[in-house]
Amino acid sequence: MPDTKLRWGILGTGNIASRFASQLPSSTTGELAAVGSRSTDSANEFADRYAIPNRHGSYQELLDDDTVDAVYIATPHPLHVEWAIKTAEAGKHVLCEKPLAINRSLSAAMIEAAVRNDVFLMEAYMYRCLPQTKLIAQLVRDGAIGTVHQIQASFAFQSSFRPESRIFADELAGGGILDVGGYPVSMARLIAGAAVGAPYADPAAVTAVGQVGETGVDEWTVATLFFDSGMTAQVSTGVRLSDENRVRVLGSEGYLVIDDPWFGGDGKPTHVSLHKVGEEARDVSAEPAYIYAAEADAVAAAIEQRQAPEMSWADTLGNLAVQDEWRKLIGQQYASERDDAIVPTLTGRPLTRRADAPMTYGQVPGFDKQVSRLVMGVDNQETLTHAATMFDDFVERGGTTFDTAYIYGRGRGEKLLGQWIKSRGNRDEVVVIGKGAHTPHCDPESITRQLGESLERLQTDHVDLYLMHRDNEEVPVGEFVDVMDEHFRAGRIKAYGGSNWSTARFDEANAYAAANGKQPLTLLSNHLSLARAYDVPWAGCGHVSDDQSQAWLRERQVALFPWSSQARGFFTGRAKPEDRSDEELVRCFYSDENFERLRRARVLAEARGVEPTAIALAWLLHQPYPVFPLIGPRQISETRTSLPGLSVELTDEDVAWLTALD
């Protein structure tokens, strides 16, 4: 906890901002320093009401105020992302109202901004900071009601329907699940975790029913959360139907009742009712506390750790994952999340490479654009929002190149990439890799049909690099070369090659191209990683791990775009000789030789201050032929941890030692 009081700025002047401002003087660690509003009059009125010394007529002016250490963001939901990121960029700590963002993907980007700028960030679930909430978790951990079996939690209210109200407005992310539904979800996850000795637990499955109103927001809904421990939780929320707004925890020896779970008395004495078999019901008291003062003190106590145990980053992401699934199950989606939306950047600024971006670049023979040495796989993005945050982050880190395919997500990957490119207007700045001719449609006619569909999905007239996704050796190789040459000359592709092609077949194709004046193959996408492959995950795949293929690559200098460049997580810590639960990982990569490579990667990683995954990636990038590894991050944090491999320098001796068999 800091020796001096934390100086708070409040961004926004609505009701929730007023509650925070009214209680902050009761905290032991904080003081009001400034307020920012979108109008000078509103800022002055708010500042006068709460005796705040500095007032600003814009949010940015608040962030520029040197008297502010931490900012409480109290804007409507959709504005959280922009201003939390800008606050972090200003070097100020962030307490952001719930939900942190309207979905998990946007929240992950906010957390990444906090990591990048080394500031504190917490989602403002103020009830989590109350003594009463900590008492509930402790009673559960202590087994006060035996084995917990079910949790019941509700937070709902009845509001008069007004389409223009924030609560019912699609553009303001209205509805119950985001407004107050996160409370019962977070309480259920807290209790389920406490029951098994963890800070929280994520459900293995969710089911839900509900009512979506005429403005497109959820008005009443109930969900059931199923946990691996066997516990279940029933959670309900709504904005047009009130509920009891309490929590019950049912166990083998009795139950707990919390009648005021979300405000905990707010400065008044409070308690948890304990009911046990054969005993009189009794109240277990908790210390009274002002909810927003307790929240401010929790921030100050954890500020050096950059996240608070009351609501950690992982807890926030887990909570929003449930809220995302809950909304999906009842058919609720905001217009800004739809696949045809024009998605703005998170800060509203043009998308640009950051000055500290670590990316390096290379050339593919016959192709004049720079290709980023790491290539983003377009097959792990679930929504347009998820795709946009991942792709924007990759570009900011210097990435230019995206790998997609006709079959990924039955075309959804191409559609998401195409819509993102349309939103950014950056077709000329990015390199798009397309793939077609996947078994069982691996023939020249299918290439033409699939390429046409891919271009339509991508909303472009060409792909930069095109790969035949599989080979079909029953088709004369010249027929493949002929059709690819046709599309090259028509401008629909700029360079091409094969994915999962043998080196012999590649040579045969290029001999035909040379003899017939056709465009040759210049790139190959087969598997290669520091962990040598002994099998491939899917039928028809090919690798170039063997010595003969490596010699061929060195001689031909063909550009290699290796998939599974991290050996499907072999170097992340997942692979252990005694753990054989991942059958595919075992089948493809488990061997004494590969575990020795893993050991050596760890030795170099410790010496260089990086993760073993960075060493595995650096090994690829130090091969004596052009290599552009494909990476498949599912989250921004995974992109971040992949990039240090770009900066790792390995000597020739290091490269050889990693794979030498002593």
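Strands β11 (residues 247–251) and β12 (residues 254–258) run antiparallel and are joined by 4 bridges; two strands are taken to pair if DSSP finds at least two bridges between them. L250 lies opposite Y255 of β12. Strands (E, at least two residues) and helices (H or I, at least four residues) are DSSP runs, numbered from the N terminus. The model is predicted: local features require pLDDT of at least 70 and side-chain atom pairs count only at pLDDT 80 or more, whereas totals for chains, interfaces and linings use all residues. Residues are numbered from 1 along each chain as its sequence is written, and side-chain values use heavy atoms, with hydrogens and water left out.

Both strands belong to an open sheet of 8 strands with mixed pairing, in the order β8-β9-β10-β7-β11-β12-β13-β14. Its edge strands, β8 (205–212) and β14 (282–286), each pair on one side only. From one strand to the next, the twist averages 15°; angles run from 0 to 180 degrees between N-to-C directions, with axes fitted as lines to C-alpha atoms, for helices over the stretch in contact.

Helix α6 (residues 131–141) packs on the sheet and touches β7 (148–156), β11, β12, β13 (270–276) and β14, contact being defined as heavy atoms within 4.5 Å. The direction of α6 makes about 20° with that of β13. Helix α9 (residues 313–329) also packs on the sheet, touching β8, β9 (218–226) and β10 (232–238), and its direction makes about 55° with that of β8.

Within strand β9 is E219, which counts as buried because its relative accessibility is 8% (buried, under 20% relative accessible area; exposed, over 50%; partly exposed, in between; 1.4 Å probe, protein chains only). Beyond its neighbours within four places in sequence, E219 contacts F161, F168, Q211, G213, E214, G238, V239, R240 and L241.
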